[in-house]
Amino acid sequence: VTATAALAATILFASSWWFLHFSRSGWNNGHVVLFMLLAAWTLTRALELQRWRDWIAFGASLALLLYSYFSGRAVGI
């Protein structure tokens, strides 16, 4: 995507209106988007640059993503 589209999506995800979409479970699902974006970004960097530290960053972000029940369900589906 373009930088403008990515910035717009990030602003939408970071705004409090996004949590209204999840109704009662918005308070515990907000971090899922952050960790998914972080994992996608670090995977992209690792594939493009082929540096071992980028792969370690991807593994760490994936560990954060799979750490909780709600995040694990979002990735596992």
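Student: Which residues does Ser61 touch, not counting residues up to four places away in sequence?

Tutor: In this model, which is predicted, Ser61 touches Leu38, Ala39 and Thr42 once residues up to four places away in sequence are set aside. Contact here means that heavy atoms lie within 4.5 Å.

Student: Why is Ser61 called buried?

Tutor: The relative accessibility of Ser61 is 2%, and buried means under 20%, so Ser61 counts as buried. Its place is in helix α4, which covers residues 52-66.

Student: What makes the pair formed by the side chain of Ser61 and the backbone oxygen of Phe58 a polar contact?

Tutor: A polar atom of the Ser61 side chain lies 2.9 Å from the backbone oxygen of Phe58, and the cut-off for a pair of N or O atoms is 3.5 Å, so on distance this pair falls within the limit.

Student: Why is Leu43 described as partly exposed?

Tutor: Leu43, which lies in helix α3 (residues 30-49), has a relative accessible area of 29%. Buried requires under 20% and exposed over 50%, so Leu43 belongs in between and is called partly exposed. Leaving out residues up to four places away in sequence, Leu43 touches Trp55 and Phe58.

Student: How far apart are Leu43 and Ile56, in sequence and in space?

Tutor: Leu43 and Ile56 are 13 residues apart in sequence, and their C-alpha atoms are 9.8 Å apart in space.

Student: How do you know that Asp54 forms a salt bridge with Arg45?

Tutor: The closest N and O atoms of Asp54 and Arg45 are 3.6 Å apart, and a salt bridge needs a side-chain nitrogen of Lys or Arg within 4 Å of a carboxyl oxygen of Asp or Glu, so the pair qualifies.

Student: What makes Asp54 and Arg51 a salt bridge too?

Tutor: For Asp54 and Arg51 the closest N and O atoms are 3.1 Å apart, which is again within the 4 Å limit. The structure holds two salt bridges.

Student: Why are Arg45 and Arg51 called partly exposed, and Asp54 buried?

Tutor: Asp54 has a relative accessible area of 6%, under the 20% limit, and is therefore buried. Arg45 has 28% and Arg51 has 29%, values between 20% and 50%, so both count as partly exposed. Salt bridges that share partners join Arg45, Arg51 and Asp54 into one network.

Conventions:
Residues numbered from 1 in each chain as written. Predicted model: local features only at pLDDT ≥ 70, side-chain atom pairs only at ≥ 80, totals over all residues. Heavy atoms only, no water. Helix = DSSP H or I, 4+ residues; strand = E, 2+ residues; numbered from the N terminus. Buried < 20%, exposed > 50% of the residue type's maximum accessible area, 1.4 Å probe, protein only. Polar contact = N/O pair within 3.5 Å; in protein donor to acceptor, adjacent residues only side chain to side chain.
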